[in-house]
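User: I would like to learn how to read a protein model step by step. Could you take me through its features, giving the general idea before each case?

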Amino acid sequence: MSDVVFEQRFEQWLRLTGLDRLDLEALARYALRSSNRGAEKAELLEEVIRWLQGEDTAGAVPPLLLDFLDEYTAAASRAADELRLVTNTLIASAEPEAGIPRQRARLTDREREVLALLAHALSNRLIAARLSISEKTVKNHITSVFAKLGVSSRSEALVVALHEGLLKNWVPNRVKSRLGGS
C-alpha cells in the first residue's frame, strides 16, 4: 500500500475513533515514561512519536503503531459489544408487565422528525437548523415527546422509540406526499 493511501486510511481511522495525532503522541510519550521494558521498547516508542510528528522513520509505518491501532480497535469492538448487551438488557427491562399492554405513543410528524434527529445525537441547535425552526420550538417538541413516551431523558426516549418501532422505516408525510406515496 502506498504511503498516500495509508495516510488517507489512517486519517479516516482517526476520525472514526475521535482521536488525533496529538492524542496518540501523548499515549506514546506516557508509555515511554512508564515503560520499564528496556531500550528496544523505548526506541520503538520514540519511532512512533517521530512518525506521528511527520518525521522520517526507518520504516514507512512503525510496527508498534500498527499493533496499537489493532489493540485499540479490538477494545472499541469489545466496548461496542458490551454497549449492545447493556442496551438489549435495558430494552428488555422496559418491557411492560404481563397483562398490562403498553399503548403505542402517538407522535406528530414533527415530533417523530425531532426524535429521528435525536437518534443521530444532534444538539437542539443542530435540530433547529436542520428543520428550520427555533431552538425553543425544538425544546417544546422534545418535552412533548418525553411526555408522550413517559420518559425523562433522550436516552430513554430512544430506547422506547426503538423498542416500539417508532423510527423503523419512518418517512415524514411531507416527504411521502412529494414522492407520491400515501
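**Reading helices and cores**

Analyst: This is a predicted model, and we can begin with helix 8, whose buried residues are Ala157, Leu158, Val159, Val160 and Ala161.

User: Which residues of the largest nonpolar core touch the most other members?

Analyst: The general idea is that nonpolar side chains tend to be buried together in soluble globular proteins. Here the largest nonpolar core has 20 residues, and those touching the most other members are Leu115, Leu118, Ile127 and Leu149. Helix 5 (109–119), helix 6 (124–131), helix 7 (135–149) and helix 8 (154–163) each give this core at least two residues, and helix 7 provides the largest share, with five. There is also a second, separate core of 15 residues, among them Phe10, Leu45, Ile49 and Leu52.

User: At what angle do helix 2 and helix 3 pack?

Analyst: In general, two packed helices are described by the angle between their axes and the distance between the axes. In this model, helix 2 (residues 21–34) and helix 3 (residues 39–52) pack at about 160 degrees, and their axes lie 9 Å apart. Because an angle over 145 degrees counts as roughly antiparallel, helix 2 is described as roughly antiparallel to helix 3. Their crossing is left-handed.

User: Which residues of helix 2 and helix 3 make the contact?

Analyst: Helix 2 contributes Arg21, Leu24, Glu25, Ala28, Arg29, Ala31 and Leu32, while helix 3 contributes Ala42, Leu45, Glu46, Val48, Ile49, Trp51 and Leu52. Sorted by kind, the residues of this contact are ten nonpolar and four charged, with no polar ones.

Methods
Residues numbered from 1 in each chain as written. Predicted model: local features only at pLDDT ≥ 70, side-chain atom pairs only at ≥ 80, totals over all residues. Heavy atoms only, no water. Axes fitted to C-alpha atoms, helices over the stretch in contact; angles between N-to-C directions. Helix = DSSP H or I, 4+ residues; strand = E, 2+ residues; numbered from the N terminus. Parallel < 35°, antiparallel > 145°, perpendicular 65-115°, else oblique. Left-handed = near helix turned anticlockwise from the far one by under 90°. Contact = heavy atoms within 4.5 Å. Nonpolar A, V, L, I, M, F, W, Y, C, P; charged D, E, K, R; others polar. Core = buried A, V, L, I, M, F, W, Y, C linked by side-chain atoms within 4.5 Å. Buried < 20%, exposed > 50% of the residue type's maximum accessible area, 1.4 Å probe, protein only.
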